[in-house]
Amino acid sequence: MPTLILVRHGRSTANTGGVLAGWTPGVALDERGNAQAAALPGRLAALPIAEVVASPLQRCQETLQPLLDARPELRPHTEERIGECHYGDWSGRKLAELSGEPLMEVVQSHPSAAAFPGGESMRAMQTRAAEAVREWNARVERDHGADAVYLMCSHGDIIKSLVADALGLHLDLFQRISVEPCSITAIRYTRLRPYLVRLGDTGDLASLAPREEPPGDEATVGGGAGAP
């Protein structure tokens, strides 16, 4: 079965603004995010990418544009099921403000029981994304062969949930996974099991350097802004 390259979108204005964007329209890449997207074609130059699939949200579409410009033979596909979690009434609110909500403790410690008011549950988010990947695996294998490589550009919580699915981890453990903006995660699928072969690879180690303000113990819902 194929190898899936998961790219988290580049850093966005919501990431730097500390806002939980969700499906809020008009959330674009910031200056650094555009630079991250511009570097993506070079980072992927050695890979024979058979298909490109993207979340419909603007920040993912912008992240992929330099790659599509560099490889005009690729025709992008939009896949609603790998769009960001539907955070409902939480969408567009500051993360600092949401940290005091009782539901945030559930999101952090027992996400399989978390459902956002006016939105969807994290369990439903993982299910739709995993179903999309399995269907695309079959489609890519049918059209391009079992050794094909294809790419999906998605969001932090979606990618973390797909990594948990590939590793056989309960969703309640997915907050232990971290993926930086414009990082690359690769999962090679086989008939019997998936193999996680890259996780959150940004091509540098800057995000491991000590920060002036420690990141704290809580996972950032939506994925966070990455290294300063």
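Analyst: A residue counts as buried under 20% relative accessible area, as exposed over 50% and as partly exposed in between, using a 1.4 Å probe and protein chains only. The structure above is a predicted model, in which local features need pLDDT of at least 70 and side-chain atom pairs pLDDT 80 or more, whereas totals for chains, interfaces and linings use all residues. Residues are numbered from 1 along each chain as its sequence is written, and side-chain values use heavy atoms, leaving out hydrogens and water.

User: How many of the residues of the protein chain count as buried, and what does its secondary structure come to?

Analyst: Of the 228 residues, 50% count as buried. The chain has seven helices and eight strands; these are DSSP runs numbered from the N terminus, helices being H or I with at least four residues and strands E with at least two. Among contacts (heavy atoms within 4.5 Å) between residues at least 6 apart in sequence, 73% join residues at least 24 apart.

User: How is a pair of aromatic rings described, and how many aromatic pairs are there here?

Analyst: The description uses the distance of the centres and the angle of the planes. Rings of Phe, Tyr and Trp (its six-membered ring) pair if their centres lie within 6.5 Å; planes under 30 degrees apart are stacked, over 60 edge-to-face and the rest tilted. By this rule there are two aromatic pairs. Tyr87 and Phe116 have ring centres 4.9 Å apart and planes at 90°, so this pair is edge-to-face. Tyr87 lies in the loop between strand 4 (76-78) and strand 5 (93-94), and Phe116 in the loop between helix 5 (102-109) and helix 6 (122-144), so the pair ties together parts 29 residues apart in sequence.

User: Which residue pairs with Phe116 through ring centres 5.3 Å apart?

Analyst: That residue is Trp90; the planes stand at 65°, so the pair with Phe116 is edge-to-face. Trp90, in the loop between strand 4 and strand 5, is 26 residues from Phe116, and the pair links distant parts of the chain.

User: Are Trp90 and Phe116 buried or exposed?

Analyst: Both are buried. Phe116 has a relative accessible area of 3%, and Tyr87, also buried, has 0%.

User: Where is the place of Gly119, and with which residues is Gly119 in contact?

Analyst: Gly119 is in the loop between helix 5 and helix 6 and is partly exposed, at 38% relative accessible area. Leaving aside neighbours within four places in sequence, Gly119 contacts His86, Tyr87 and Gly88. Gly119 and Asp89 are 30 residues apart in sequence, with their C-alpha atoms 6.9 Å apart.

User: How are two packed helices described, and at what angle do helix 2 and helix 3 pack?

Analyst: The description uses the angle between the axes and the distance between the axes. Helix 2 (residues 31-43) and helix 3 (residues 58-70) pack at about 40°, with axes 8 Å apart. Axes are lines fitted to C-alpha atoms, for helices over the stretch in contact, with angles from 0 to 180 degrees between N-to-C directions. Under 35 degrees is roughly parallel, over 145 roughly antiparallel, 65 to 115 roughly perpendicular and the rest oblique; helix 2 and helix 3 are therefore oblique. The contact is made by Ala37, Ala38, Leu40 and Pro41 of helix 2 with Glu62, Thr63, Pro66, Leu67 and Ala70 of helix 3.

User: At what angle do helix 6 and helix 7 pack?

Analyst: Helix 6 and helix 7 (residues 156-167) pack at about 70°, with axes 9 Å apart. Helix 6 is therefore roughly perpendicular to helix 7.
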